[in-house]
Amino acid sequence: MSQRTCLSVILAAGEGTRMKSAVPKVLHPIAGLPMVAHVVKAAEAAGSGDLALVIGHGADEMRKATQKFAPKAEIFVQDKRLGTAHAVLAARDAISKGYDDILVMFGDTPLIDPEVLVAARLKLAEGAAVVVVGFRTSNPSGYGRLIEKGGKLIAIREEKDCTDEETKITLCNGGLMAVAGKHALTLLDQVGNNNAKREYYLTDIVEIAGGQGLDVIAAEAGFENVLGINNRAELAAAEGIWQGRRRREAMLSGVTLIAPETVYFSYDTEIGADTIVEPNVWFGPGVTIATGAKIHAFSHIEGATIASNCDVGPYARLRPGSDLRQKAKVGNFCEVKQAVIEEGAKVNHLTYIGDARVGAGANIGAGTITCNYDGYSKFFTDIGEGAFVGSNSSLVAPVTIGKGGYVASGSVITESVPDDGLAFGRARQRTLPGKGKELRERFASAAAARKKG
Ligand code: UD1
Ligand code: MG
């Protein structure tokens with residue numbers, strides 16, 4: 001099958017009014033990736049190299065977004081929304097290039113499993129002219145019904161055009177179709193709009209193809225595959241299904257999730273075996289974790305690389321550009337951004353490390369802050385191998401703490417510390433014996449006088 005050429009036509013011209021959003025519906029994300037990009041990924045995974053995206057509403061925004069997830073996709077604008085067949089024909093120029101297989105998918109059906117697409121393409125390879133992906137449901141309302149006769153699919157009837165008898169059919173059109181490229185345009189060009197909605201229905205090609213003696217079949221798939229998103233509740237439901245699949249995949253690949261239903265992955269999270277993820281952890285886009293790491297509860301991690309056997313959290317926030325090398329530790333209430341924490345270094349409590357390097361084996365005391373921003377520009381802090389930064393220190397960047405350097409607690413470091421140097425950046429302590437008691441007595445009598453008066 002790999003020799004067969006394939007074009008995927010993804011329909012995304014709908015307005016998506018029920019999302020009640022300024023953002024086009026298909027750009028709403030699932031696991032951090034626009035839902036239409038999930039469809040693109042599935043098409044690609046099914047070996048469909050070429051993509052045609054049919055857009056209408058929010059064209060500028062769609063073009064811009066498409067650059068990111070499908071830079072090679074050809075974009076077609078359907079000016080008037082006259083139905084799904086009309087929408088597919090907006091991509092006529094792409095279809096007429098001549099492909100073996102044409103897949104038609106909806107941009108708002110993000111959970112499609114590539115296997116379903118592969119299976120549909122196989123049917124085309126075996127000689128079918130049209131393959132319709134259907135599903136069974138006890139609540140078919142709103143869907144087109146698949147009408148079969150003698151094992152053949154003879155028509156798809158939209159609900160509004162169904163007879164009472166036909167409405168009872170529970171095998172529905174999922175919306176996804178595979179069409180033999182050599183017949184696609186001929187079939188589509190014969191579709192009319194003589195129906196309840198006065199639309200050009202893609203589904204009509206089933207009857208047209210059958211009438212010409214072509215082979216038309218239905219292929220059943222699980223409902224999730226064809227779950228369409230129309231509002232935010234359905235968006236959340238799809239997110240839930242996606243997360244469920246991903247959690248299972250993670251666990252089966254050797255990751256321990258103590259409370260899987262509380263861990264959220266992104267579309268691109270990579271996580272190695274023997275990593276343990278405690279409850280309530282969020283992985284934003286761009287996270288890679290090697291093996292044997294521990295991600296403690298309530299950590300928020302995005303754009304981060306975590307090497308093997310690192311220890312993160314609880315309550316850690318790793319922002320983009322965080323790069324933890326082997327056995328590094330970032331503990332509770334610490335934030336790291338654009339910084340390398342080298343092998344075995346420890347950033348244990350209440351610390352902000354931004355635009356910095358923390359050398360191997362260095363120890364950063366509680367409450368240490370890299371002051372990386374002056375309100376206009378960002379500056380770098382370089383902390384050498386084996387350095388020790390005492391608690392509650394402010395490192396005012398740009399600044400360097402040399403290898404083995406030692407910073408006394410409570411320091412404000414504005415000048416670089418040489419290798420093995422010791423820096424005190426704080427006022428010297430003055431201790432006055434007996435003065436504490438004296439002060440207390442003075443305050444007490446002043447308070448008593450105020451009460452009387
Ligand atoms: C469609 C199917 C129906 C199926 C259901 C599954 C047709 C005629 N009906 O109905 O059999 O059960 O999906 O969810 O195909 N679109 C355009 N331009 C248009 C019209 C639609 O781009 O002119 C796009 C929409 O953005 C959407 C997709 O095509 O992504 C489907 O359109 P929609 O209006 O949701 O079709 P349904 O009535 O749900
Ligand atoms: Mg729909």
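**Entry 1: the ligand's place**

I looked up where ligand 1 is, and it sits in the largest pocket. A pocket here is an open set of points on a 1 Å grid over the protein atoms alone, with protein on both sides within 12 Å along at least five of seven lines. "Sits in" means that more than half of the molecule's atoms lie within 2 Å of the pocket's grid points.

Bookkeeping for myself: this is a predicted model, where local features need pLDDT of at least 70, side-chain atom pairs count only at pLDDT 80 or more, and totals for chains, interfaces and linings use all residues. Residues are numbered from 1 along each chain as its sequence is written, chains are lettered from A and ligands numbered from 1 in the order in which they are written, and side-chain values use heavy atoms, with hydrogens and water left out.

**Entry 2: polar contacts**

I then checked polar contacts (pairs of N or O atoms within 3.5 Å). An oxygen atom of ligand 1 is 2.6 Å from a polar backbone atom of Asn-173. For Gly-14, a backbone N or O atom lies 2.8 Å from a ligand oxygen, and for Leu-11 I noted 3.4 Å.

**Entry 3: the cavity**

Next I searched the whole structure for cavities (sets of grid points where a 1.4 Å probe fits but cannot get out). I found one of 30 Å³ or more. Among the residues lining the largest cavity are Val-88, Ile-102 and Leu-202.

Methods:
A polar contact is a pair of N or O atoms within 3.5 Å; within protein, one must be able to donate a hydrogen and the other to accept it, and residues adjacent in sequence count only if both atoms are side-chain atoms. On a 1 Å grid over the protein atoms alone, a cavity is a set of points where a 1.4 Å probe fits but cannot get out, and a pocket is an open set with protein on both sides within 12 Å along at least five of seven lines; lining residues have an atom within 4 Å of a point. Grid points are joined across faces, edges and corners, and a volume is the space filled by probe spheres set on the points.
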